[in-house]
Amino acid sequence: MPLKTSTYFDLLEALRQPGCAACRLSDRYVRENIDSFFYENITNVARREDIRRSRGFCSLHASMLPAPARMQGIAILHQDVLNDVLREMESVGRTATFWRRRDRAASVRPKRACTLCEFERDREQFVLSTLVALFRDPELTATFDASDGVCMPHFYGALKLSHVAAADMKAFAIAQTTKMARLRDQLIQFIGQSNGSYGNRAMGDEADSPLRAVRMVSGRIVHADGR
Ligand SMILES: [Zn+2]
Ligand SMILES: [Zn+2]
């Protein structure tokens, strides 16, 4: 069995909270990364160059940036990006051929992916590998069984993992599909209840099943404060 890294213990903690643990942890790691970047690395030349080339961050990650203590850093980074695009436009705009070209956006659009998307994908991989590779650890199995399971995007991500023993993958997939089947059954109950075929009986666990289904199917709905 692989080593129980700090990610294993983070996973146990995240599985005890509502929603997908992989979404919750990815969100937390990205927020920590943003914090340390603004605190320690804002002057890192290579990192600044990457952010310039990616033309800032994707909209999801950009929405995580604002905080009172970060305004100076946000100003520095975004001044860099705007300045770079303006310089490019000034340079290409001088040639008459540029205005006749069809790929006018090529010189100014992002030259690389959002650095936080890359970071998040990398962390997600590690979280999912830890979950599956250690799945048959009794504490992890029990905690997963009592959890909401992972969202479907993270389920697909886990199924794609290589270097995981087939028996571990199978144990994880059975536990996860059991969660999905239970939620599907709750949705059926909810629909029946809404149609009145269950009479006026008060709803049970199925009452919030549509909201849990949206989170499970689409993933990554984490509130701004990480809830
Ligand atoms: Zn997820
Ligand atoms: Zn991003």
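This is a predicted model: local features need pLDDT of at least 70, side-chain atom pairs count only at pLDDT 80 or more; totals for chains, interfaces and linings use all residues.
Residues are numbered from 1 along each chain as its sequence is written, chains are lettered from A and ligands numbered from 1 in the order written, and side-chain values use heavy atoms, with hydrogens and water left out.

So what holds the zinc ion (ligand 1)? Look for C20 (SG), C23 (SG), C151 (SG) and H154 (ND1), at 2.0 to 2.3 Å. C23 sits in helix 2 (residues 21-41), while C151 is in the loop between helix 7 (138-145) and helix 8 (152-159), 128 residues apart. Helices here are DSSP runs (H or I, at least four residues), numbered from the N terminus.

Now hop over to the zinc ion (ligand 2). Its protein donors (N, O and S atoms within 2.8 Å of the metal, or 3.2 Å for Na, K and Ca) are C58 (SG), H61 (ND1), C114 (SG) and C117 (SG), at 2.0 to 2.4 Å. H61 belongs to helix 4 (residues 59-62), and C114 to the loop between helix 5 (71-93) and helix 6 (115-133), 53 residues apart. Both H61 and C114 are buried.

Why is the arrangement around the zinc ion (ligand 2) tetrahedral? Because its four donor atoms subtend angles of 100 to 116 degrees, and four donors count as tetrahedral if all angles lie between 85 and 135 degrees.

Definitions and conventions
Helices (H or I, at least four residues) and strands (E, at least two) are DSSP runs, numbered from the N terminus. Four donors count as tetrahedral if all angles lie between 85 and 135 degrees; four count as square planar and six as octahedral if opposite donors are over 155 degrees apart and all others between 65 and 115; anything else is irregular. Buried means under 20% relative accessible area, exposed over 50%, partly exposed in between (1.4 Å probe, protein chains only).
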